[in-house]
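Please read this briefing alongside the structure shown below.

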Amino acid sequence: MKKAALINSHISGVIAEMGHTERLTIVDAGFPVGDQVKRIDLALKKDVPGFMETLEAVLTELQVEEVTIANETKEINPVFYEEMLSCLKKHNPKIHIREVIHENLKLEAAKSKAIVRTGEYTPFANVILKSGVVF
């Protein structure tokens, strides 16, 4: 459900079509994206665009009630993990954080309305955003 303006027409279009509890996934450059889900490929080169700037832009438009993150993220890159949580909570202080193993995250991502691939090279820089209701 749209909240604000976003320049990328492909991402904005997907968000506009989303209903409550549908998912949009943002991933790093190495995340496997199969043919069964719409791919929005933003990657230009290493770390461009970055995961955090992509997440921040998406959160200006998408109301998110829950996120799914690989629990390996917190172990492998705790600084990145905390930065991501801070960004998510800035947009919704009551957001529900769900952690699963990375293999399950890949399976769940395949059920998304779309997967946005960034140029991010940070390992486990992936999140599934579950849309919420705008009050």
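Helices (H or I, at least four residues) and strands (E, at least two) are DSSP runs, numbered from the N terminus. The model is predicted, so that local features need pLDDT of at least 70 and side-chain atom pairs count only at pLDDT 80 or more, while totals for chains, interfaces and linings use all residues. Residues are numbered from 1 along each chain as its sequence is written, and side-chain values use heavy atoms, with hydrogens and water left out.

**Helix α1**
- In helix α1 (residues 9–17), I11, S12, V14 and I15 are buried (under 20% relative accessible area, with exposed meaning over 50% and partly exposed in between, for a 1.4 Å probe and protein chains only).
- These residues lie on the same side of α1 because they cover an arc of only 160° around the axis, the arc being that of the directions from the helix axis to the C-beta atoms.
- On the other side of α1, S9 and E17 are exposed.
- The buried residues of α1 pack against β1 (23–27), β2 (38–41), α2 (51–59) and β5 (114–117), where contact means heavy atoms within 4.5 Å.

**Positions from the record**
- An unreviewed UniProt entry lists D28, H102, F124, A125 and N126 under "binding site"; such annotations may be inferred rather than shown by experiment.
- Although these positions are spread over 99 residues of sequence, they cluster in space, with a largest C-alpha distance of 12.8 Å.
- H102 is placed in helix α5 and is buried at a relative accessible area of 14%.
- F124, in the loop between β5 and β6 (127–131), counts as buried at 18% relative accessibility.
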